[in-house]
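Student: I have a structure open and some questions about it. Can we go through them one by one?
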Amino acid sequence: MKILVVAEQRQGKWNNTSFETLAAAQQIAKDTSSTVSGLVIGKGVSSLAEELAAKNMAEVLLVEHDLLEAYTPDGYCVALKQVVESAKPDLILFPHTYQVRDFAPKLAAQLGKGMIGDCIGYRNESGKLIFVRQMFQGKTNADVTFQSAAPWFASFQAGAFRSDLVAAHPSGKAPVHAVAVTLDARQVRTKPLDLFKEAKSAVDLTQAPLIVAIGRGIKAPENIPQAEAVAKALGGEIAASRPICDEGWLPMERQIGSSGQTVAPKLYLALGISGAIQHVVGMKGARTIVAVNKDQNAPIFEIADYGIVADIFEVMPALTEALEKAKNS
Amino acid sequence: MNIIVCIKQVPAKDAPLTIAGNWIKESDIGFEMNEPDSYALEEALRLKEKHGGEVIALSLGPERVKQTIKEALAKGADRAIHIADDNFAQLDPLGAATYLSAAIKKEKFDLVLTGLQSDDHGFGQTGVLLAGLIDLPHATIIMAIEAQEGKLRLKRELEAGWFQHIECPLPAVLSIQSGINKVRYATLKGIIAAKKKEIATVTPESLGVSPQPTQRVEKIYIPTKTKKTEFLTGTPKEAATKLVEKLKFEARVI
């Protein structure tokens with residue numbers, strides 16, 4: 001089997017989850033006696049291709065065109081379809097980034113194929129690859145298989161594989177092959193404009209050693225002071241999962257998760273957070289995770305060191321009191 | 001501006017899930033509008049209020065999805081299309097998008113909106129696949145829409161706090177990021193008005209499409225734990241006291 005890893009860069013900088021996907025590809029290759037190739041797409045990105053070639057792979061495909069300088073879903077789909085048709089990989093792997101979500105399913109569909117996105121792992125069952133992904137907001141896992149002939153498309157979630165396990169090329173460097181693609185400006189229908197960040201947030205949660213985070217379980221904005229009291233007793237910062245910030249109950253800068261901040265504090269206390277994967281990717285690096293949730297099957301308990309299965313409205317005042325007491329003793 | 005909003009009905013957020021093979025037991029649980037789609041519906045209603053036109057709610061699934069369709073009509077959608085399919089839960093993303101695209105192609109529209117992903121399967125592919133199948137420009141994870149002279153100026157969310165403005169011609173398909181707006185509730189007046197609104201029912205057969213599956217969910221299961229959680233029991237007060245002790249003397253984080 002030929003595996004092709006489509007690495008992601010923006011403005012000449014890697015998206016590091018590309019290397020996690022490369023680690024996945026190398027592992028699948030080992031398991032299935034396959035070869036791995038890499039692909040870099042853009043304009044003026046040959047130095048990135050050279051960098052990728054230092055990893056253990058058969059070759060690096062370099063896809064460059066003036067119209068590929070800035071990412072567009074149309075440009076990427078038109079170009080990559082040609083590459084897939086000429087290079088004929090069996091399995092095409094992507095990091096599951098916002099950019100990949102934006103074009104890869106369409107690329108697969110243009111070839112009449114499906115994509116298994118957002119995988120957290122795989123199994124090789126006597127030659128048949130089974131991809132594992134989450135469903136129901138992380139409450140269940142699912143085994144998913146391809147039903148049609150190759151090429152197959154799949155993406156791996158951030159954190160699913162370890163980028164530090166990527167093997168270097170055994171004899172120095174893999175060859176870099178430029179692949180020419182034809183692309184017409186009329187085929188690119190959307191026009192990317194400025195890239196920007198919103199006004200810098202006042203709180204930097206990434207630097208906070210102790211974080212108390214609330215989720216849907218808080219139910220109403222008037223209940224937030226109870227969680228803030230816990231944070232105050234702990235001497236920590238208050239944070240939240242996305243729905244709380246979507247509702248405007250806490251400012252967006254307090255949001256933890258894939259679209260918010262990624263934190264790795266000493267202590268992360270999750271109150272009424274179910275543990276949807278979009279949240280978990282932003283906090284799973286915490287040293288100690290405590291979860292309080294009335295649903296004992298909440299996925300947050302999968303990653304918690306300590307858990308209390310109870311109503312947060314009963315636990316919050318008790319916890320504030322216990323923390324105050326510990327502080328004064 | 002005529003807008004089609006794709007809305008999925010999913011198991012209610014707090015529904016207890018009983019696994020049955022590659023899906024769940026549907027009896028005894030409640031269903032609701034997929035939350036990300038409610039943001040897409042709200043955005044469609046706001047665009048209509050600003051620019052005129054009509055909002056069409058499009059939903060695929062068994063008879064039960066009519067309840068969610070009625071909710072969309074009560075909130076302000078003008079009419080609805082129900083693609084009736086009892087095998088809905090077994091469709092792969094491309095199959096579902098093939099049905100939806102066949103129904104969309106029969107309508108006159110300027111914009112198709114979807115939510116970011118569904119809270120059940122969570123593939124997050126529908127909008128992008130529709131754009132591919134209908135051959136339209138698209139953009140995903142949209143945080144703001146500004147219509148100007150037959151074009152859209154969009155704010156797209158990227159990772160790690162970055163955003164990008166995008167210009168997109170019409171017609172187009174957009175996947176809306178949750179939190180783009182504040183979703184309205186249906187009013188009593190809206191609920192009464194909805195009773196008179198049209199729900200057209202079509203079937204995969206009448207649409208004339210029969211997509212072949214490209215992938216299959218073999219089974220679903222509760223994941224095995226990778227970390228051992230120590231559960232603290234007792235009254236809330238006892239559990240809280242135990243937790244503070246553990247944090248102080250065992251984890252040593254406070």
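Student: For contacts in chain A between residues at least 6 apart in sequence, what share joins residues at least 24 apart?
Tutor: That share is 65%. Keep in mind that this is a predicted model.

Student: How many helices and strands does chain A have?
Tutor: Chain A has eight helices and 17 strands. Its C-alpha atoms fill a box of roughly 70 × 50 × 40 Å along the principal axes.

Student: And what percentage of chain A is buried?
Tutor: Of the 329 residues in chain A, 53% are buried.

Student: Why does the end-to-end distance of α7(B) agree with its residue count?
Tutor: Helix α7 of chain B covers residues 236–250, which is 15 residues, and at 1.5 Å a residue these should span 21 Å. The end C-alpha atoms are 20 Å apart, so the two agree.

Student: What comes just after α7(B)?
Tutor: R252(B), with a positive phi of about 55 degrees.

Student: Next, α4(A) and α4(B). At what angle do they pack?
Tutor: Helix α4 of chain A (residues 98–110) packs on α4(B) at about 40 degrees, and the axes are 8 Å apart. That angle makes α4(A) oblique to α4(B). The crossing of α4(A) and α4(B) is right-handed.

Student: Which residues meet there?
Tutor: From α4(A), D102(A), F103(A), P105(A), K106(A), A109(A) and Q110(A); from α4(B), V128(B), L129(B), A131(B), G132(B) and L133(B). By class, the contact of α4(A) with α4(B) has seven nonpolar, two polar and two charged residues.

Student: And within chain B, how do α3(B) and α4(B) cross?
Tutor: Helix α3(B) is residues 93–105 and helix α4(B) is residues 126–134; their axes come within 9 Å and cross at roughly 55 degrees. These two helices, α3(B) and α4(B), are therefore oblique to each other. The crossing of α3(B) and α4(B) is right-handed.

Student: What classes of residue make up that contact?
Tutor: For α3(B) with α4(B), ten nonpolar, three polar and one charged. Among those in α3(B) are L94(B), L100(B) and I104(B), while α4(B) residues in the contact include L129(B) and L133(B).

Student: Last one: is T68(B) buried or exposed?
Tutor: T68(B) is buried, because 24 other C-beta atoms lie within 10 Å and the cut-off is 20 or more. T68(B) is found in helix α2 of chain B, residues 65–75.

Student: What does T68(B) contact, leaving aside neighbours within four places in sequence?
Tutor: I7(B), Q9(B), M33(B) and S59(B).

Definitions and conventions:
Residues are numbered from 1 along each chain as its sequence is written. Chains are lettered from A and ligands numbered from 1 in the order in which they are written. This is a predicted model: local features need pLDDT of at least 70, side-chain atom pairs count only at pLDDT 80 or more; totals for chains, interfaces and linings use all residues. Helices (H or I, at least four residues) and strands (E, at least two) are DSSP runs, numbered from the N terminus. The expected span of a helix is 1.5 Å times one less than its number of residues. Axes are lines fitted to C-alpha atoms, for helices over the stretch in contact, and angles run from 0 to 180 degrees between N-to-C directions. Angles under 35 degrees count as roughly parallel, over 145 as roughly antiparallel, 65 to 115 as roughly perpendicular and the rest as oblique. A crossing is left-handed if the near helix is turned anticlockwise from the far one by less than a right angle, and right-handed if clockwise. Two residues are in contact if their C-beta atoms, placed from the backbone, lie within 7 Å. Ala, Val, Leu, Ile, Met, Phe, Trp, Tyr, Cys and Pro count as nonpolar, Asp, Glu, Lys and Arg as charged, and the others, Gly among them, as polar. A residue is buried if 20 or more other C-beta atoms lie within 10 Å of its own, exposed if 12 or fewer, and partly exposed in between; C-beta atoms are placed from the backbone.
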